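Here's a quick walk through one protein model, written for someone who likes cut-offs spelled out. Have a look at the structure first.

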Amino acid sequence: MGEQLDPFSASNLPDFISSQKIGRPVNFEGQNNRGHPFSGLKKRGQSSRSWVKIDQDGNSAVLELDKATIMKRCSLPSRDLRLLDPLFIYPSSILGRERAIVVSLEKIRCIITAEEVILMNARDASVIQYQSELCKRLQSNQNLNIKDDLPFEFKALELVLELSCLSLDAQVNELEMEVYPVLDELATNISTLNLEHVRRLKGRLLTLTQKVQKVCDEIEHLMDDDDDMAEMYLTEKKERAEAHASEELEDNIGEDFESSGIVSKSAPVSPVGSTSGNFGKLQRAFSSIVGSHKSLLSSSSIGENIDQLEMLLEAYFVVVDNTLSKLSSLKEYIDDTEDLINIKLGNVQNQLIQFQLLLTAATFVAAIFAAVTAVFGMNLQDSVFQNPTTFQYVLLITGIGCGFLYFGFVLYFKHKKVFPL
């Protein structure tokens with residue numbers, strides 16, 4: 001009869017305690033955890049998402065990758081992947097990293113490496129247009145054997161900038177076509193409906209200006225910093241890393257061969273042991289000279305590539321700046337229209353004030369006439385009441401005096417330039 005194992009024996013006790021410390025349920029032998037309420041949950045942040053991968057030949061494929069795989073594949077920190085999350089709204093950004101370029105412009109959010117473009121798989125028209133256009137350009141260059149001076153990452157970045165600039169320019173043109181008729185109508189007919197319409201358009205103009213200004217500032221920031229532009233040349237860094245790895249491999253093979261002590265039988269044995277040491281010194285000196293020469297060549301090529309990238313960014317900076325100038329002109333037109341409306345409203349207000357002055361003067365004159373009639377309406381014993389024609393003369397003289405007084409007010413207002421001449 002076999003010996004029975006105690007699950008709470010001293011050998012199993014540390015496992016039990018460690019499992020209880022980290023809060024996991026104990027799963028003894030022969031006991032399943034099928035009914036645990038949290039058994040089917042995944043770790044937070046490990047859910048896979050759909051991505052589109054586009055290689056250098058223009059071939060695209062849909063991949064299901066989680067956040068950790070993307071970070072490991074492109075050597076990116078977690079904060080950079082937040083820019084690609086469609087659930088959050090971040091300003092436009094172009095970030096150069098060690099092995100990738102993180103781009104978030106308008107609706108296009110992608111990761112560009114030296115070999116591929118990993119694009120967020122979405123149904124947006126801009127993303128679909130970017131995917132189809134990039135594949136079309138790469139495949140056409142591949143079929144026609146066209147050698148382009150731009151590396152792969154710059155081609156992908158150029159297309160992102162091109163489509164983003166075209167999208168912003170199209171939004172500005174659409175806003176212009178909608179704003180100018182409304183402003184012209186508002187200048188002729190000032191109404192609450194037109195004012196509300198202009199207010200909504202002005203809000204859209206402010207939002208669009210902020211988006212275009214952010215893209216312009218991002219490109220200008222890259223152009224002002226040579227280190228950031230050098231960091232974005234991924235192909236050069238990849239070639240240098242591969243060349244450095246091959247040199248290290250050759251050096252390791254040579255050192256292993258020398259340290260093995262294998263000498264050909266036919267080779268003469270030198271009685272002086274310093275020959276191999278001198279040869280090693282010469283080899284190290286030669287390798288240092290070659291390495292310094294290669295570093296100089298790589299630095300010069302980096303300078304050329306910085307100029308190349310700077311020219312590329314400058315071209316699209318001009319386009320974005322032109323779009324920004326359109327928005328500035330549109331904002332100035334809105335401000336001019338508002339000034340015109342304020343002038344018209346001020347003119348109307350002045351006319352109302354003038355009318356109020358005339359009405360006040362007329363009220364004052366009428367009050368004088370009413371005071372005369374009130375005096376004669378009292379119980380006074382006077383001969384005027386005995387002769388009706390005499391009372392009519394009193395009323396006529398009082399009316400003529402009030403009329404002269406009113407015209408005196410009008411002349412005084414014109415003399416003080418309260419009324420236009």
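Exposed here means over 50% relative accessible area, buried means under 20%, and partly exposed is in between, with a 1.4 Å probe and protein chains only. This is a predicted model, where local features need pLDDT of at least 70 and side-chain atom pairs count only at pLDDT 80 or more, while totals for chains, interfaces and linings use all residues. Residues are numbered from 1 along each chain as its sequence is written, and side-chain values use heavy atoms, with hydrogens and water left out.

**More on α4**

The buried residues of α4 are V127, Y130, L134, C135 and L138. They span an arc of only 115° around the axis, which means they sit on the same side of α4; the arc is that of the directions from the helix axis to the C-beta atoms. Their cover includes β1 (49-55), β2 (60-65), β5 (108-112), β6 (116-120) and α5 (152-188). As for length, α4 covers residues 125-144, has 20 residues and reaches 28 Å from first C-alpha to last, close to the 28 Å expected at 1.5 Å a residue. That expected span is 1.5 Å times one less than the number of residues.

**The whole chain**

Zooming out, the protein chain has 10 helices and 6 strands. Both are DSSP runs numbered from the N terminus: helices are H or I with at least four residues, strands are E with at least two. Of its 421 residues, 27% count as buried. The chain exposes about 28300 Å², with carbon and sulfur atoms supplying 58% of it; areas come from the Shrake-Rupley method with a 1.4 Å probe, and for residues only the protein chains shown count as cover. Take the contacts (heavy atoms within 4.5 Å) between residues at least 6 apart in sequence: 65% of them join residues at least 24 apart.

**Aromatic pairs**

The structure holds 6 aromatic pairs. Rings of Phe, Tyr and Trp (its six-membered ring) pair if their centres lie within 6.5 Å; planes under 30 degrees apart count as stacked, over 60 as edge-to-face and the rest as tilted. Two of the pairs are edge-to-face, F154 with Y233 and F364 with F409:

| Pair | Centre distance | Plane angle |
|---|---|---|
| F154 and Y233 | 5.4 Å | 65° |
| F364 and F409 | 5.7 Å | 85° |

F154 in helix α5 and Y233, in the loop between α7 (226-231) and α8 (234-260), are 79 residues apart. F154 is buried at 1% relative accessible area, and Y233 is buried at 12%.

The other pair links F364 in helix α9 (residues 274-376) to F409 in helix α10 (residues 388-415), 45 residues apart. F364 is partly exposed at 43%, as is F409 at 25%. Ring pairs also tie F364, F409, Y412 and F413 into a cluster.

**Cysteines and a serine**

How many disulfides are there? With a disulfide taken as a pair of cysteine sulfur atoms within 2.5 Å, the count is 0. The sulfur of C165 has its closest cysteine sulfur in C216, 9.5 Å away, so that is too far for a bond. C165 is buried at 5% relative accessible area, and C402 is buried at 6%.

Finally, S164 lies in helix α5 and is buried at 3%. Leaving out residues up to four places away in sequence, S164 touches L105 and E106.
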